[in-house]
Amino acid sequence: MILLVLAYLLFCKIYLFLQLAYTSDLFMFHQLSRSWIEKGLFLQENVYGGQLPIHNYFLIPLFYPFTLLFGAKGLFVGLWSLMAYALYRLSKFCDGSLLPFFFLLPVTFWVSDHPTYGFGIELIQVPVSLMFALSLLEKKKRQSYFWAAL
């Protein structure tokens, strides 16, 4: 059931993308995710140039496989893959009893839509924080270090 809800939210996000509801940031992050392989320039995009001295976007290159396969929509696919994994871990931890409440939170709407811009690297904070908290609660030391480093 949860996967169906996530698939529906991803479909809505792609529908909004196809209806041109999103602007600059989505395309900037798309370029940032690909520039280090295709242009040989790390965190470079066409509007503002190099983002390396300005912002801390070091996680964007991890979205490259998704943007290579799906274009700009790959950012959504990567985000929702991370979200699905986080919700899967949450369902294993709490037997699924808290999952319906997750979809009622305002932050879920923010991650699902992110009006005007469509995507920002800060959107992965929700699933990464959730996985960090679950790793701490499950006393998995290495996973806690990994999620804390992200």
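1. Accessible areas here come from the Shrake-Rupley method with a 1.4 Å probe. On that basis the protein, a predicted model, exposes about 8,800 Å².

2. The protein has 150 residues, of which 41% count as buried.

3. The secondary structure consists of eight helices and two strands. Read from the N terminus, the order of elements is α-α-β-β-α-α-α-α-α-α. The radius of gyration is 16 Å, close to the 15 Å that the globule rule gives for 150 residues, so the protein is as compact as a globular protein of that length.

4. On overall dimensions, the C-alpha atoms fill a box of roughly 45 × 35 × 25 Å, with the box taken along the principal axes.

5. As for contacts, those with a separation of 6 or more were considered, and 62% of them in this protein are accounted for by residues 24 or more positions apart.

6. C12 is partly exposed, its relative accessible area being 24%. C94 has a relative accessible area of 12% and is buried, because buried means under 20%. A search of the whole structure for disulfides finds zero; the criterion would be a pair of cysteine sulfur atoms within 2.5 Å.

7. On charge, the protein carries 10 positive and 7 negative side chains. The centres of these two sets lie 11 Å apart.

Conventions:
Residues numbered from 1 in each chain as written. Predicted model: local features only at pLDDT ≥ 70, side-chain atom pairs only at ≥ 80, totals over all residues. Heavy atoms only, no water. Buried < 20%, exposed > 50% of the residue type's maximum accessible area, 1.4 Å probe, protein only. Helix = DSSP H or I, 4+ residues; strand = E, 2+ residues; numbered from the N terminus. Rg over C-alpha atoms; globule rule 2.2 N^0.38 Å. Contact = heavy atoms within 4.5 Å. Lys, Arg positive; Asp, Glu negative; His and termini not counted. Charge placed at Lys NZ, Arg CZ, Asp CG, Glu CD.
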